[in-house]
Each structure stands twice: as structure tokens, then as C-alpha cells.
Amino acid sequence: MFHSLGRYLLLLRLSFRKPEKFSVYWAEVMREMVSEGIGSLGIIVIISLFIGAVATIQTAFQLVSDFIPKTVVGGITRDSTILEFSPTICALVLAGRIGSSIASQIGTMRVTEQIDALEIMGVNAPGFLISPKIIAGVTMIPVLVVVSVILGLSGGYLACAASKEVSTADYLAGLTDGFNPLIVTVCAVKAIVFGFLINSICAYQGFYTSGGALEVGQAATRGVVYSCIMILFADLVISRVLL
Amino acid sequence: MIETKDIVKTFGENEVLKGISAEFKPGKNNLIIGGSGSGKTTLLKCIVGLHEPTNGDVFFDGQNFTNMHFRERVPIRKEIGMLFQNSALFDSMSVADNIMFPLNLFTDMSKSEKQDRANFCLKRVNLDGKGKLHPSELSGGMKKRVGIARAISMQPKYLFVDEPNSGLDPLTSILIDRLISDLTQEYNTTTVVVTHDMNSVMGIGDHIIFLHGGQKWWEGSNKEIAHTNNQELNEFVFASPFMKAAREKL
């Protein structure tokens, strides 16, 4: 375990060496941002709408009482969506979508000697392959999480409009009642940390793949599993420290 | 010139290279031959720095490459072109982009100059007009030729080729061998080819090193190889009935 941790940290250090040519790296960052951001938008839209709607319906179901104002449903949906559902569930889904792609892409490059070809040319392979992905991850995953929050709350609104258990006016009032800006900070920190973890862990797994197609598949699986575990662990640490 | 001095490489308990010293001269096709597991590719990877030797040194024109750090190696690496066994073309890029990749990173050439250079390299390997294709659209022989075009794009001083004929039909193999040989003459490169293809050995082997059990077992040229009394080399070279028959005619 300590050997892997040390190798992971050394790989990160290599990844952030000075680039050979900034413009080439910048083009890679842009490509990765499109791939990770635009490419993941569809799945994020779908899961966020459903999560927001389900969260609202279930909260309303549990809090139907004459003693509790209906606006509470909006407040609970808002806090749970911003604090947990959007950053964490999106990150877990993105670990599957982006993480497996990164690990298998870099792993395939390793077993087909493409990484050797980069090194022979004098290119810092970890820098060229990994740093653009990490930069894209820590910028695009927060953007996706913002989209997810907006759509999640919209999903809650649609659920209220459809079910009539909580009126849309109560829901909207609840969204603004007792809003604590700290939850946005926590959400942003989580999104950035999760983006870093998904990209760096899966890139590490891919970079040290050896063998063939079987090992590439195993590396992708390991990357996704370890990313998910680390996301949940980081979620706990960030919540404990910041809240 | 490239020189190796007492190269030893071990993987765990397994000593793959047992102190190999050799010289590879410019303008010549230097071939490293040997059976499977004899350490040919490991030696090549030690020379180009993909493996760090456990012991010994590699010199590029007198500069000790083994002792250099990553950044110190970059100027020498820019002078290295390498063709990998599976060509190792970047799947996500077109053929032209593969060739222009080192130019993008290490030169200040304008876009049109880079495109001209890529077109020239493609023409040189008889793949004129194929720049827009992707590696997945190419045959094995075409991939090798694109690999060569990428390797020569920076006008290398040192050209390394790992198993250039693997997976190719005899005719394409001969074409690739001729191309490597012609480029060696044209650019006066120090060319090191790892192969176990006897057609390559007899066709372009100006200087041959035979590895056996991780040691340099024999050294000479393709003219000398047919008349050597080295038993292990003879077993390797004349393993096929065709080569045995050819030897009897010599």
C-alpha cells in the first residue's frame, strides 16, 4: 500500500513538471475539457433531474404533518442536493464514465508502446498524458456539479408540480429559506477534490498497466473501484472538516 | 556512434543481459540478432533509456547517456528516431498529426512548414496523400512505414528499429528493410535494428551482433555470418531447411 502511495505521489510530481511546449499542452487540456465536460453532460442531466425529483417526493412523504411547514421540503431538498446528491452521486457516476475511459486509454497506450514512443521522443509522458486530464477534471467536474444542482432543484420543482403534495410556491419559498452559503463552498470543495481523485487515480492505474487487453480491463476496473472508495472517504473528511 | 559498456540488466533474480559491450557506427545498419529471450529488445531498451541498466553505461557520441537525468537526456532524445514492433502510432491522431507531433513539441516551425515536412516524410516512405487517415485505417506494413516517417521527421542522428518485419509478408518485409537501409545511407544515421528475420540479416546486416543467453556471442557482417564456425550462431541462422540449402550453395 505504501509502495503504491509513493508511486502515485511521484507520478503526480512528474505530471506537473514544466511542459515542453505550453501550446501543445493547452490544446490537450481543451480536448480533455470537451471530452469530460460536454461528453458527460447527457448522463448528468438525466441523473440530476431524477435525483432532485425523487429527493423531493421522499422528503415530502416523510414530512407530511400539520405541524411542519411545507416549505421545509424545499429547504431539505436544496441542502441535500447541494451538499450530497449533486457532488457525490455525480462523482460516482463520473468515476464510471470518465475514470474507466482514462484508465483504459492510458493503459492501452502503455501496452501498445505509445507511452514508450512519447518517452523516446523526450516528452514527459506523465505530464503530457495526465496533467491535462487532471486540469480538465478539476475545472469541468465543478461545472457539471453546478449544472447538476440546478437541474436537481428543477427536478424537485417538476415533482412538486406533478404531485401537488407540496405546492410549487411552497417549494420555491423553501429553497430560499434559511440558506447558508457555506453549503455552496462545501459543494465546490467536494467537486474539485472529486475531480482530482477520479482523474489522478484512474490515470495512475492506467499508467502502470503491464501485459495486454486483460490487464487494461483490470486497470480500468481498479481505477473505478478505488476512485469510488476515495470519493466516499473524501466526502466524509470534507463534511467533517467543513460543516 | 553509440557505445555500450558492460551492460547488465536484471529483472528480480533473472539476469537478462550479462555485460554487453558493443559499438554501433554511423552510416551502417547495425543488427542485433538472437533467439527469443536472448535479450535483444532489453538491450535496445537499455540503449534508448526505456530500461535503466543495472550496471554499465551507454554513450551517444561520447556522452554518457546512462548517467544523465531526464532533462539532460532531452537533447539526445530529440536526435533519436524509433520504430516500435507494433509501430506505436498514436491512435487518437491522424497519420499527418503523428508525424508532426515531435515537430509541434520541439520545433518553432510554422504550420505550413510542419505540413510540408510531414508530406515529405510520407512521400519518402511511399505513403503520399495518406496523411488524413487514422492508424486504424492502415495495414500492418503501412503502419510500419508511418512509424518510420515519424521516426525520421526530426532528421534523427540515431535510428532504432525493433522487429521491423514482424507480422509482415516477405515482400513488404523486404521493402521495409530497403527503406531502413536507404535512410541510413541518406541521413548517415547510426541505425540499430533488432531482428530475428534472416532475410534482413542477409540483406542489410552491415554489422551484426548475435546475442545468446544474455551475452554477446558473435560479432561480424552478413558476409562473414555464413562462414562462421560458431555453433550457436549456426544453429540460429541455419535453423530452417531453406537456409541450410542456401548455405550448401554458398
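This is a predicted model: local features need pLDDT of at least 70, side-chain atom pairs count only at pLDDT 80 or more; totals for chains, interfaces and linings use all residues.
## Strands and bridges

Two strands are said to pair if DSSP finds at least two bridges between them. Strand β7 (residues 158-162) of chain B runs parallel to strand β8 (residues 190-195) of chain B, and 5 bridges join the two.

## The four-stranded sheet of chain B

Chain B also has an open sheet of 4 strands, in the order β2-β1-β4-β5, and here the pairing is antiparallel. The edge strands are β2 (14-24) and β5 (63-64) of chain B, and each of them pairs on one side only.

At one end of that order, strand β4 (residues 55-60) of chain B and β5(B) pair in the antiparallel sense over 2 bridges. Which residue of β5(B) is the bridge partner of Phe60(B)? That partner is Gln63(B). This sheet has a helix packed on it as well: α1 (residues 40-48) of chain B touches β1 (2-11), β2 and β4 of chain B. The direction of α1(B) makes about 120° with that of β1(B).

## A pair of packed helices

Helix α3 (residues 95-106) of chain B packs against helix α4 (residues 111-124) of chain B at an angle of about 125°, and their axes are 9 Å apart. The crossing of α3(B) and α4(B) is right-handed.

Which residues make the contact? From α3(B) come Ala96(B), Ile99(B), Met100(B), Leu103(B) and Asn104(B), while α4(B) supplies Lys114(B), Arg117(B), Ala118(B), Cys121(B) and Leu122(B). By class, the residues of this contact divide into 7 nonpolar, 1 polar and 2 charged.

## The two domains of chain B

Stepping back, chain B is divided into domain 1 (2-79 + 157-249) and domain 2 (91-155). The C-alpha centres of these two domains of chain B lie 25 Å apart. Their contact takes 10 residues from domain 1 of chain B and 10 residues from domain 2 of chain B.

What gives the most to the domain 1 side of chain B that touches domain 2? Helix α6 (residues 170-187) of chain B does, with 5 residues. Sorted by class, that side of domain 1 of chain B has 7 nonpolar, 2 polar and 1 charged residues.

## Where chain A meets chain B

Finally, the two chains touch: 13 residues of chain A are in contact with 16 residues of chain B. On the chain A side, the largest share, 6 residues, comes from helix α4 (residues 114-121) of chain A. The residues on that side of chain A divide into 5 nonpolar, 3 polar and 5 charged.

Technical notes: Residues are numbered from 1 along each chain as its sequence is written. Chains are lettered from A and ligands numbered from 1 in the order in which they are written. Domain bounds come from an automatic or database domain assignment. Two residues are in contact if their C-beta atoms, placed from the backbone, lie within 7 Å. Ala, Val, Leu, Ile, Met, Phe, Trp, Tyr, Cys and Pro count as nonpolar, Asp, Glu, Lys and Arg as charged, and the others, Gly among them, as polar. Axes are lines fitted to C-alpha atoms, for helices over the stretch in contact, and angles run from 0 to 180 degrees between N-to-C directions. A crossing is left-handed if the near helix is turned anticlockwise from the far one by less than a right angle, and right-handed if clockwise.
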